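Me: I am new to reading protein structures. Please take me through this one, a feature at a time.

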Amino acid sequence: MKIRFDIRKECYCFDLTRAVIFSAVFVAVAMLVGLFGGSTHTYTCLLLPRFALGRGLFVIFWTLFYIAFGFALEIILSVNRCANREKAIYCFLLTVAAGYLWFPLFFGMGAFFLSFLLCIFVSILAFVSLKKLVRVNRFASIVMGIYFVWLLYCSALNFCIWILN
(Lines give C-alpha, C1' and ligand atoms only; values in the text may rest on other atoms or scores of the structure.)
Protein backbone atom coordinates (compact mmCIF):
# COMPACT_ATOMS: atom_id res chain seq x y z
CA MET A 1 0.00 0.00 0.00
CA LYS A 2 1.49 3.31 -1.06
CA ILE A 3 0.81 6.57 0.74
CA ARG A 4 1.56 9.85 -1.04
CA PHE A 5 2.03 13.11 0.82
CA ASP A 6 3.64 16.49 0.28
CA ILE A 7 6.01 18.07 2.78
CA ARG A 8 8.10 21.15 2.07
CA LYS A 9 6.88 21.20 -1.54
CA GLU A 10 8.37 17.76 -2.21
CA CYS A 11 6.51 14.59 -3.00
CA TYR A 12 7.02 11.49 -0.88
CA CYS A 13 5.65 8.11 -1.82
CA PHE A 14 5.78 5.97 1.30
CA ASP A 15 5.23 2.27 0.66
CA LEU A 16 3.82 0.68 3.81
CA THR A 17 4.40 -2.84 2.49
CA ARG A 18 8.09 -2.17 1.91
CA ALA A 19 8.39 -0.57 5.37
CA VAL A 20 6.93 -3.70 6.97
CA ILE A 21 9.26 -5.90 4.90
CA PHE A 22 12.31 -3.81 5.88
CA SER A 23 11.25 -4.01 9.53
CA ALA A 24 10.79 -7.77 9.27
CA VAL A 25 14.25 -8.14 7.74
CA PHE A 26 15.87 -6.05 10.49
CA VAL A 27 14.08 -8.08 13.19
CA ALA A 28 14.90 -11.40 11.48
CA VAL A 29 18.61 -10.52 11.25
CA ALA A 30 18.57 -9.57 14.94
CA MET A 31 16.91 -12.89 15.78
CA LEU A 32 19.53 -14.81 13.77
CA VAL A 33 22.35 -12.89 15.45
CA GLY A 34 20.73 -13.63 18.81
CA LEU A 35 20.28 -17.30 17.96
CA PHE A 36 23.85 -17.87 16.83
CA GLY A 37 25.67 -15.07 18.66
CA GLY A 38 25.55 -16.31 22.24
CA SER A 39 23.18 -16.65 25.15
CA THR A 40 21.46 -13.81 26.99
CA HIS A 41 21.61 -16.04 30.08
CA THR A 42 25.05 -14.45 30.58
CA TYR A 43 23.31 -11.17 31.47
CA THR A 44 21.58 -12.68 34.52
CA CYS A 45 24.91 -13.99 35.82
CA LEU A 46 26.71 -10.62 35.71
CA LEU A 47 27.21 -8.02 38.37
CA LEU A 48 25.07 -5.15 37.12
CA PRO A 49 24.91 -1.46 38.04
CA ARG A 50 21.73 -0.10 39.62
CA PHE A 51 20.60 1.56 36.41
CA ALA A 52 20.58 -1.73 34.45
CA LEU A 53 17.29 -2.71 32.86
CA GLY A 54 15.85 -6.20 33.03
CA ARG A 55 16.62 -8.60 30.20
CA GLY A 56 13.01 -8.55 28.98
CA LEU A 57 12.99 -4.78 28.56
CA PHE A 58 16.06 -4.94 26.34
CA VAL A 59 14.27 -7.36 24.01
CA ILE A 60 11.29 -5.01 23.78
CA PHE A 61 13.41 -1.90 23.17
CA TRP A 62 15.61 -3.55 20.54
CA THR A 63 12.60 -4.99 18.71
CA LEU A 64 10.97 -1.56 18.62
CA PHE A 65 14.20 -0.05 17.29
CA TYR A 66 14.46 -2.61 14.47
CA ILE A 67 10.82 -2.01 13.51
CA ALA A 68 11.40 1.76 13.54
CA PHE A 69 14.56 1.26 11.45
CA GLY A 70 12.47 -0.46 8.76
CA PHE A 71 10.04 2.45 8.59
CA ALA A 72 12.85 5.01 8.68
CA LEU A 73 14.65 3.26 5.82
CA GLU A 74 11.51 3.27 3.68
CA ILE A 75 10.99 6.96 4.39
CA ILE A 76 14.61 7.76 3.47
CA LEU A 77 14.24 5.77 0.24
CA SER A 78 10.99 7.59 -0.58
CA VAL A 79 12.54 11.06 -0.41
CA ASN A 80 12.80 12.62 -3.85
CA ARG A 81 15.37 15.17 -4.99
CA CYS A 82 17.69 15.14 -2.00
CA ALA A 83 21.41 15.36 -2.67
CA ASN A 84 22.32 13.93 0.73
CA ARG A 85 20.06 10.89 0.53
CA GLU A 86 22.63 8.33 -0.68
CA LYS A 87 25.17 9.25 2.02
CA ALA A 88 22.42 9.15 4.64
CA ILE A 89 21.32 5.68 3.51
CA TYR A 90 24.91 4.43 3.61
CA CYS A 91 25.52 5.82 7.13
CA PHE A 92 22.15 4.55 8.35
CA LEU A 93 22.76 0.99 7.12
CA LEU A 94 26.36 0.99 8.37
CA THR A 95 25.17 2.04 11.82
CA VAL A 96 22.56 -0.72 11.96
CA ALA A 97 25.00 -3.35 10.64
CA ALA A 98 27.69 -2.35 13.17
CA GLY A 99 25.09 -2.59 15.92
CA TYR A 100 24.44 -6.23 15.05
CA LEU A 101 28.08 -7.06 15.82
CA TRP A 102 27.75 -6.08 19.48
CA PHE A 103 25.62 -9.05 20.55
CA PRO A 104 28.04 -11.87 19.62
CA LEU A 105 30.96 -9.87 20.97
CA PHE A 106 29.30 -9.33 24.36
CA PHE A 107 27.26 -12.50 24.82
CA GLY A 108 29.09 -14.96 22.58
CA MET A 109 32.67 -14.06 23.41
CA GLY A 110 32.22 -12.34 26.78
CA ALA A 111 34.53 -9.58 25.50
CA PHE A 112 33.09 -6.79 27.65
CA PHE A 113 35.83 -4.25 26.93
CA LEU A 114 35.77 -4.84 23.17
CA SER A 115 31.97 -4.68 23.15
CA PHE A 116 32.22 -1.37 25.04
CA LEU A 117 34.58 -0.01 22.37
CA LEU A 118 32.20 -1.24 19.66
CA CYS A 119 29.32 0.46 21.46
CA ILE A 120 31.25 3.75 21.41
CA PHE A 121 32.01 3.24 17.71
CA VAL A 122 28.34 2.55 16.91
CA SER A 123 27.39 5.65 18.93
CA ILE A 124 29.74 7.73 16.78
CA LEU A 125 28.26 6.20 13.63
CA ALA A 126 24.75 6.93 14.92
CA PHE A 127 25.71 10.56 15.56
CA VAL A 128 27.12 10.91 12.03
CA SER A 129 23.98 9.25 10.64
CA LEU A 130 21.83 11.61 12.68
CA LYS A 131 23.63 14.63 11.22
CA LYS A 132 23.11 13.30 7.69
CA LEU A 133 19.49 12.29 8.27
CA VAL A 134 18.53 15.72 9.61
CA ARG A 135 19.01 17.02 6.06
CA VAL A 136 16.92 14.24 4.54
CA ASN A 137 13.91 13.44 6.75
CA ARG A 138 12.69 14.46 10.18
CA PHE A 139 11.20 11.10 11.20
CA ALA A 140 14.33 9.17 10.26
CA SER A 141 16.49 11.66 12.16
CA ILE A 142 14.25 11.37 15.24
CA VAL A 143 14.57 7.57 15.13
CA MET A 144 18.36 7.86 14.86
CA GLY A 145 18.45 10.52 17.60
CA ILE A 146 16.57 8.25 20.00
CA TYR A 147 18.83 5.37 19.00
CA PHE A 148 21.89 7.57 19.67
CA VAL A 149 20.64 8.35 23.21
CA TRP A 150 19.91 4.64 23.72
CA LEU A 151 23.46 3.80 22.60
CA LEU A 152 24.86 6.27 25.13
CA TYR A 153 22.92 4.44 27.84
CA CYS A 154 24.11 1.07 26.50
CA SER A 155 27.71 2.33 26.40
CA ALA A 156 27.52 3.44 30.04
CA LEU A 157 25.96 0.11 31.01
CA ASN A 158 28.55 -1.85 29.04
CA PHE A 159 31.37 0.16 30.66
CA CYS A 160 30.02 -0.56 34.15
CA ILE A 161 29.62 -4.25 33.36
CA TRP A 162 33.21 -4.36 32.16
CA ILE A 163 34.42 -2.68 35.37
CA LEU A 164 32.26 -4.79 37.70
CA ASN A 165 33.03 -8.11 36.07
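Me: Let me start with one residue. Is N158 buried or exposed?

Reply: Buried means under 20% relative accessible area, exposed means over 50%, and partly exposed lies in between (1.4 Å probe, protein chains only). N158 has 2% relative accessibility, so N158 counts as buried. A word on the source: this is a predicted model, where local features need pLDDT of at least 70, side-chain atom pairs count only at pLDDT 80 or more, and totals for chains, interfaces and linings use all residues. Residues are numbered from 1 along each chain as its sequence is written, and side-chain values use heavy atoms, with hydrogens and water left out.

Me: Where is N158 found?

Reply: N158 is in helix α7. Helices (H or I, at least four residues) are DSSP runs, numbered from the N terminus.

Me: Which side chain makes a polar contact with that of N158?

Reply: A polar contact is a pair of N or O atoms within 3.5 Å; within protein, one must be able to donate a hydrogen and the other to accept it, and residues adjacent in sequence count only if both atoms are side-chain atoms. Here the partner is the side chain of W102, at 2.8 Å. Setting aside neighbours within four places in sequence, N158 is in contact with W102, F106, F112, S115, F116 and C119.

Me: Which side chain does S123 meet in a polar contact?

Reply: The side chain of S155, at 3.5 Å. S123 is found in helix α6. Its relative accessible area is 4%, so S123 is buried. Beyond four places in sequence, S123 touches F148, L151, L152 and S155.

Me: Back to α7. How far apart are its end C-alpha atoms?

Reply: Start with the general idea. An α-helix has 3.6 residues a turn, so residues three or four places apart point the same way. The expected span of a helix is 1.5 Å times one less than its number of residues. The 27 residues of α7 should therefore span 39 Å, and its end C-alpha atoms are 39 Å apart, which agrees. Look at the start of α7 too. There a side-chain oxygen of N137 comes to within 2.9 Å of the backbone nitrogen of F139.

Me: How many aromatic pairs does the structure hold?

Reply: A pair of aromatic rings is described by the distance of the centres and the angle of the planes. Rings of Phe, Tyr and Trp (its six-membered ring) pair if their centres lie within 6.5 Å; planes under 30 degrees apart are stacked, over 60 edge-to-face, and the rest tilted. The structure holds 28 such pairs. One of them joins F69 and F92 edge-to-face, with 5.7 Å between centres and 85° between planes. This pair links distant parts of the chain: F69 sits in helix α3 (residues 55-78) and F92 in helix α4 (residues 85-100), 23 residues apart. F69 and F92 are both buried.

Me: What pair do F69 and Y147 form?

Reply: Another edge-to-face pair: 4.9 Å centre to centre and 85° between the planes. It links helix α3, which holds F69, to helix α7 (residues 138-164), which holds Y147, 78 residues apart. Y147 has a relative accessible area of 1%, so Y147 is buried. F69 is at 0% and therefore counts as buried.

Me: Which residues have the most contacts inside the largest nonpolar core?

Reply: In soluble globular proteins, nonpolar side chains tend to be buried together. A nonpolar core is a set of buried Ala, Val, Leu, Ile, Met, Phe, Trp, Tyr and Cys residues joined through side-chain atoms within 4.5 Å. The largest one here has 44 residues, and F26, F69, F92 and Y147 have the most contacts inside it. At least two core residues come from each of α1 (16-36), α3, α4, α5 (102-108), α6 (112-134) and α7. Helix α7 gives the most, with 10 residues.

Me: What does F92 touch?

Reply: Not counting residues up to four places away, F92 touches F26, F69, A72, L73, I76, S129, L133 and M144. Take I76 from that list. I76 is found in helix α3. Its relative accessible area is 0%, so I76 is buried.

Note on methods
Contact = heavy atoms within 4.5 Å.
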